[in-house]
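Subject: Structure handover

Hi,

Here is the structure I promised to pass on. My notes follow below it.

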Amino acid sequence: MFDQNGHRKEFEAAYQRWERDVLEPALRRAPEQERNAGFTTISGQPIKRLYTPLDLADTDPINDIGFPGQFPFTRGIHPTGYRGKLWTMRMFAGFGTAEETNARFRYLLSQGQTGLSVAFDMPTLYGRDTDHPLVEGEFGKCGVAVSSLADMEILFDGIPLDQVTTSMTINSPAIVIWAMYIAAAEKRGIPMERLGGTIQNDILKEYAAQNEYIFPIEPSMRLVVDTIEFAARHMPKWNPISVSGYHIREAGATAVQELAFTLADGLAYVKACLKRGLDIDSFAPRISFFFNAHNDFFEEIAKYRAARRIWARQMRDVFGAKNPRSWWLRFHTQTAGVSLTAQQPEINIVRVAIQALAAVLGGTQSLHTDAMDEALALPSEKAATIALRTQQIIAEESGVINTVDPLGGSYFVEALTNEMERQCLEYFRRIEEQGGMEAALEKGWIQREIAEAAYRFQREVDDGQRGIVGVNKYVEEAPIEIPILEMDPEGERRHLERLNRVRRERDNERVRETLAALRAAAQGDQNLMYPVLDCVRAYATLGEICDVLREVFGVYREATVI
């Protein structure tokens, strides 16, 4: 950052004079406040009193920071930032029946939302039909229930699937749910090549954090590669995977761990696709990412900027991708659900606004803002609307979209970005020592790193070293007075009636044939997306399809982590 004309020495002398003549007298008059946790980020990264050009002395302003839309994309993947196009406002929604969730989708679109994001309930996430005895009592509680193509048809009834992009947070049974979405569109005359959206489909983070896995790691990776290969061949507008750091962070990881483990998962998928024989430029442009936006404003911004730079360098310099779009890290962001408090829920609006602003200043392509009541229940319509309005105020009133990467060049932000990158690459080295990401997960090494970070943070909160407003600081005993969402008590009965009707009225001989073909394909090495689509079109249920794969692949049993 300094030229060769002695400016560094000149600045060092000026800095020393400032410390002697200005800082030291000020500290004698009024010492800095003492903080139990010190001056650190929420992840524990020490923060200096002041950042100056000296902290960027080894940073190349062209090759390390550069310009927006230009390698290594530290300042963003688009040269015009949000002046050209705003981020997609994609509110996560799903509860109860397909009918109820469809109504919420329609409402959000009418209020200015620009993309859909589907939450599925626990039975669906585990590849079970709603009437399976293992999932009794879980219908619709954390998302919408989808047991067959009939549910998917109702879920998106009246929604222009060729005009609205849809994101689906589904992982282990992603291949089945995606096939249902494709088949539902086909029945309305919309070919798959016109569909745009994303399936999360990130199974590695399930073993690391969220634990909504079904099959062992190796066949699960096969399913992921099958979907990526299918999208590369047939669906140019679809992102077949969204590599998710969100759930890693929600499990208690630090910002650096979220960054490192997410990118390491992404690199593992790249390696698996290359092993399949796919050309990197045929699939890398369609890999997307999903990050958390937590409370520490500048740490989050630095995380996103570092992520773009690291991914670009890995894709171009390590994996040899030639297409510049393969170097892009495109990401969705969701504000930190784990940061929301049941105490004084209205102040969650403030937390979410700060987190959302960090995501925007970090250059997100898509954003979900949590509702104030999510620590208590699924969002009410009013709470969801306030969360959407938060994004709209940032876009329309704050002025932050007027210039590209407005914090670029900040000594603090650039130094923090550099430190994020340094620590992330160190984690890459440690993961390779474990034998790669899959091996590190099998050993429980990743899980242990996250658990230790979560324990450290919670201990700081419990000891009062780290303040949480409403929890251990500024506590109130007033009763909670916000409306809570109430779901249709008859919803489960109607859903089960539809499921039983599907089983009675479909061509059951055709269902048996398609499931048998799927079993044979799973026992071989065929891409399973094609037989799964045949099963779905015949109205085989989610549970029936996943049970076939359970029989062939087995189920995953997590190793005990000590």
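Is K271 buried, partly exposed or exposed? K271 is partly exposed, because its relative accessibility is 43%. Bear in mind that this is a predicted model.

**Salt bridges**

I started with K271 for its partner. K271 forms a salt bridge with E432, and the closest N and O atoms are 3.6 Å apart. K271 sits in helix α10 (residues 255-276) and E432 in helix α15 (residues 411-433), so the bridge ties together parts that are 161 residues apart in sequence. E432 is partly exposed too, at 48% relative accessibility.

The count for the model is 44 salt bridges. Side chains of opposite charge can pair when their charged atoms come close.

Helix α19 (residues 508-523) holds the pair R512 and E509. Their side chains meet in a salt bridge at 3.1 Å, N to O. The two residues are 3 apart in the helix, which means about one helical turn between them. R512 is exposed, with a relative accessible area of 52%. E509 is partly exposed, at 42%.

E513 and R510 also form a salt bridge, at 3.7 Å, N to O. They too are 3 residues apart in helix α19, so about one helical turn separates them. E513 is partly exposed at 40%, and R510 is partly exposed at 37%.

**Aromatic pairs**

There are 26 aromatic pairs by the rule used. Y15 and W18 form a stacked one, with 5.8 Å centre to centre and 25° between the planes. Both residues lie in helix α1 (residues 7-29), 3 residues apart, so about one helical turn separates them. Y15 is partly exposed, with a relative accessible area of 22%. W18 is partly exposed at 29%.

F289 and W311 are an edge-to-face pair, because their planes stand at 75°, with the ring centres 4.8 Å apart. This pair links distant parts of the chain: F289 is in strand β7 (residues 287-293) and W311 in helix α12 (residues 297-318), 22 residues apart. Both F289 and W311 are buried.

There is also a cluster. Ring pairs link F105, F156, W178, Y181, F230, W238 and Y530.

**Overall fold**

The chain has 21 helices and 9 strands. Its radius of gyration is 25 Å, close to the 24 Å that the globule rule gives for 562 residues, so the chain is as compact as a globular protein of that length. The C-alpha trace spans about 85 × 60 × 50 Å along its principal axes.

Of the 562 residues, 55% count as buried. Contacts between residues 24 or more positions apart make up 79% of those with a separation of 6 or more.

**Surface**

The accessible surface comes to about 23,700 Å². Carbon and sulfur atoms account for 50% of that surface. L376, I480 and I484 make a nonpolar surface patch of about 240 Å². L376 lies in the loop between β9 (366-368) and α14 (381-397). L376 is partly exposed, with a relative accessible area of 35%.

Over to you.

Definitions and conventions. Residues numbered from 1 in each chain as written. Predicted model: local features only at pLDDT ≥ 70, side-chain atom pairs only at ≥ 80, totals over all residues. Heavy atoms only, no water. Patch = residues over 30% accessible without salt bridge, like charges linked within 9 Å, V, L, I, M, F, W, Y side chains within 5 Å. Areas by Shrake-Rupley, 256 points an atom, 1.4 Å probe, with all protein chains shown as cover. Salt bridge = Lys/Arg side-chain N within 4 Å of Asp/Glu carboxyl O. Helix = DSSP H or I, 4+ residues; strand = E, 2+ residues; numbered from the N terminus. Buried < 20%, exposed > 50% of the residue type's maximum accessible area, 1.4 Å probe, protein only. Rg over C-alpha atoms; globule rule 2.2 N^0.38 Å. Contact = heavy atoms within 4.5 Å. Phe/Tyr/Trp six-rings, centres within 6.5 Å; stacked < 30°, edge-to-face > 60°.
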